[in-house]
Amino acid sequence: MAYSATADEHHDAHHDGPAPGLMRWVTTTNHKDLGTLYLWFSLIMFFVGGSMALVIRAELFQPGLSLVQPEFFNQMTTMHALIMIFGAVMPAFVGLANWLLPMMIGAPDMALPRVNNWGFWILPFAFTLLLSTLFMPGGAPALGWTMYPPLVLQTGEAFPFLILSIHLMGISSIMGAINIVATILNMRAPGMTLMKMPLFVWSWLITAYLLIAVMPVLAGAVTMLFTDKFFGTAFFSAAGGGDPVLFQHIFWFFGHPEVYILILPAFGIISHIIPAFCRKPLFGKASMVYAMAAIAFLSFIVWAHHMFTVGMPLAAALFFMFATMLIAVPTGVKIFNWLATMWRSAMTFETPMLFALGFVFMFTIGGLSGLMLAIVPADFQYHDSYFVVAHFHYVLVPGSVFAIMAGVYYWLPKWTGVMYSEVLGKLHFWLTTIFVNLTFFPMHFIGLAGMPRRIPDYALQFTTFNQMATVGAIGFGLSQLIFLYIVIRSVSRAGEKASDRVWEGSEGLEFEVPSPAPYHTFTTPPAVR
Amino acid sequence: MAHASDYKNVYYVPHGSYWPMVGSVGLFLLAGGFAMALNGHGVGSWVSIAGAATLLVMVFGWFRDVINESVAGLYNAQVERTYRWAMGWFIFSEGMFFGAFFGALFYARTFAISWLGGEGEKGLTGNLLWPDFAATWPTAGPLELGGEFIAMGAWGLPAINTAILLTSSWTLTIAHHAIKEDNRQKVINWLAATVALGVIFLFIQGYEYVHAYQDLNLTLESGIYGSTFFMLTGFHGLHVTLGAIILAVILIRLIKGHMSADNHFAFEAGAWYWHFVDVVWVGVFIFVYIL
């Protein structure tokens with residue numbers, strides 16, 4: 001994609017740098033500042049949620065209660081999930097969107113810069129509310145992030161904080177998503193037609209639509225929990241004519257699109273990185289767009305596969321089983337296209353490419369175990385076992401998290417102007433990959449053998465695999481300190497100077513501007529041919 | 001701040017603003033205070049009120065900035081398109097919020113109640129636990145939570161209220177045509193009529209609630225019927241309130257001479273919102289009151 005950079009020189013008084021001092025970060029309306037804030041917030045939450053995972057794994061190192069009480073164990077599983085989903089992965093993708101979308105489409109900034117600021121700054125407050133529950137009588141919420149009634153209604157003082165913090169996160173997500181849709185639909189440089197848009201932009205357009213459609217549904221679901229608890233409604237009480245299963249339906253109507261919210265931007269990132277390091281265009285770009293749109297559509301009609309065991313009518317179970325399996329088709333198209341891009345290409349294996357390759361292989365493992373879970377009679381066996389834990393961690397950790405890390409390695413030189421250490425990056429990749437498999441692969445076996453999830457104790461025969469998983473988790477956690485070191489080094493501008501192109505095969509408007517990218521890019525739009 | 005003329009071909013990107021931070025602190029206090037109050041800590045109510053006040057200050061200040069920027073001519077056509085997209089998708093998200101509650105109503109009526117009444121394979125549990133429960137609507141469930149009640153009829157005040165709200169959409173459309181003709185006095189009159197109809201609607205809705213609580217023993221605690229009735233009409237009423245406030249602010253701005261035949265998106269956004277609230281009411285009237 002070629003464009004002329006001529007218009008970029010003459011700027012008016014508006015083209016000023018960041019405000020001095022710390023207030024810059026409070027009042028900023030700059031998409032790059034906000035992207036940075038989102039990414040740092042995400043990284044902090046990644047470590048907070050990760051340390052909770054280590055508490056879980058430490059307790060599970062041996063059978064019997066060894067380190068923590070069961071209530072606290074359940075608080076850790078619940079908080080780990082909420083923090084990783086809403087605090088780490090989603091803000092990381094929004095941070096990448098903030099940094100990249102305006103540069104990729106040739107826009108001066110996000111469409112609604114002040115709303116952008118608000119969307120970010122709600123998050124630290126929302127997570128303060130959520131994390132404060134750890135210190136309350138009764139402790140943090142302990143029912144799992146899915147918050148099923150009636151049990152969740154027995155949560156102590158944490159309950160209103162849980163519900164209201166989710167409301168705040170939802171407000172933040174909806175504002176962010178509306179901003180992203182408005183940016184993509186309204187801020188593209190002249191000549192950038194929809195089908196010329198880079199795939200990360202496409203993936204975010206579809207993701208933002210999913211967010212706007214389902215975050216309000218989550219808000220509705222938790223509002224019903226809230227009124228059931230405090231104001232005497234009977235949505236989820238059979239005695240009053242309601243139904244606890246109703247909550248599961250509404251929750252998963254949100255929840256299944258939500259899991260695609262956590263993976264579609266990853267697809268976008270991978271679709272940038274693989275072509276760059278294969279030095280050839282992505283195979284089948286249009287089909288990638290249609291595949292993401294198809295996945296997004298299907299995500300609305302498969303929710304009940306999370307709840308096959310509640311005893312739904314047979315016709316419903318069959319419908320949700322087949323609809324779920326249908327998702328394998330567009331997902332298969334994407335995997336095929338990535339592999340076809342690599343086919344007979346001049347590949348090199350820099351860190352972003354390593355993470356992208358790891359993503360393709362290990363996300364596929366998670367996708368295939370998802371297919372197994374979609375089969376109703378088999379799911380009756382797998383449900384609520386460690387097999388499910390293995391499945392969704394394979395799609396979320398070597399899936400979403402690997403894609404985020406691939407993206408950070410790929411664009412970090414563009415943001416900071418310096419190259420990270422390739423040796424350290426590769427070390428980080430290999431340690432992470434080895435440990436992530438050591439952590440989650442054994443969970444398939446113990447799950448199939450019958451170990452239930454969300455339980456601090458287990459039968460003796462599961463010990464070895466659990467010990468492997470715990471060793472893997474600790475190794476995985478420590479390996480991320482390398483990542484932290486690499487990021488801090490780059491942010492403090494230590495390292496070789498990066499070129500404007502950064503990579504030999506990189507494409508896109510963001511690589512047409514200098515490295516580091518100036519505070520304001522494309523105040524007047526570039527012409528895209 | 002740079003001169004307005006600089007921005008005619010350039011998308012307006014505002015400088016740093018404190019309002020989002022004020023808004024975040026407001027939401028934090030509102031939510032945190034409310035949660036404390038629900039846990040029985042008296043100070044929570046005051047924290048919550050402080051949060052709401054902070055939010056009001058934020059809304060006032062933020063919109064003042066936006067209105068000033070608009071009046072100063074800093075917004076070009078592209079900025080206006082952003083507001084159109086944003087308002088449209090915001091209304092879509094509101095629709096999904098109501099969708100959750102309508103979904104709960106449909107699920108309860110179609111599935112949950114009939115299973116509790118013993119219908120089909122899943123009726124076994126209901127038959128064992130509550131053999132005497134017959135699946136009917138309206139119901140407060142097998143245990144008649146909240147005691148016996150009388151359901152709200154459709155053809156008294158609710159029908160009148162429906163007529164009022166539909167009329168308000170009509171008066172608003174007349175106002176909309178008038179602003180396109182640049183007939184300011186006509187806009188002001190018809191918009192004032194719209195706001196007045198909205199306020200009358202709210203009064204009647206409030207009267208209906210009093211009637212429900214005092215005469216019909218129909219409360220929020222009247223099982224699934226009371227839950228869906230009050231949550232759907234209640235959230236709808238909140239949206240009417242918000243819509244009426246939006247239109248009232250627009251009315252004040254029109255009286256002050258803001259907006260023109262070709263620059264009145266604030267008016268249109270308020271109108272979209274009002275028509276949306278109206279459409280939701282038609283759904284509420286059909287599915288909550290009539291059926």
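Chain B comes in two domains: domain 1 covers 1-75, and domain 2 covers 76-290. Keep in mind that this is a predicted model. The C-alpha centres of domain 1 of chain B and domain 2 of chain B are 26 Å apart. To the contact between them, domain 1 of chain B supplies 12 residues and domain 2 of chain B supplies 9 residues.

Now the area. Between domain 1 of chain B and domain 2 of chain B about 780 Å² is buried, and carbon and sulfur atoms account for 58% of that. On the domain 1 side of chain B, the residues that lose the most area to domain 2 of chain B are B:Tyr11, B:Ile67 and B:Tyr75; together they make up 69% of what that side buries.

What about the polar side of this interface? Between domain 1 of chain B and domain 2 of chain B, the rule finds 3 residue pairs in polar contact, both residues at pLDDT 80 or more. For salt bridges across the interface of these two domains of chain B, the count is 0.

On to helices. In chain B, helix H8 runs over residues 265-290, which is 26 residues. From first C-alpha to last, H8 of chain B reaches 36 Å, close to the expected 38 Å. There is a bend of about 25 degrees in H8(B), at B:Val284.

In chain A, helix H15 takes in residues 422-448, 27 residues, and its end-to-end C-alpha reach is 39 Å, close to the 39 Å expected. H15(A) bends by about 25 degrees at A:Leu438, with a proline, A:Pro442, following within four residues. After H15(A) comes A:Gly450, with a positive phi near 115 degrees.

Terms used: Residues are numbered from 1 along each chain as its sequence is written. Chains are lettered from A and ligands numbered from 1 in the order in which they are written. This is a predicted model: local features need pLDDT of at least 70, side-chain atom pairs count only at pLDDT 80 or more; totals for chains, interfaces and linings use all residues. Side-chain values use heavy atoms; hydrogens and water are left out. Helices (H or I, at least four residues) and strands (E, at least two) are DSSP runs, numbered from the N terminus. The expected span of a helix is 1.5 Å times one less than its number of residues. The bend at a residue is the angle between axes fitted to the seven residues ending there and the seven starting there. Domain bounds come from an automatic or database domain assignment. Contact means heavy atoms within 4.5 Å. Buried area is the accessible area (1.4 Å probe) that two parts lose on being put together, summed over both. A salt bridge is a side-chain nitrogen of Lys or Arg within 4 Å of a carboxyl oxygen of Asp or Glu. A polar contact is a pair of N or O atoms within 3.5 Å; within protein, one must be able to donate a hydrogen and the other to accept it, and residues adjacent in sequence count only if both atoms are side-chain atoms.
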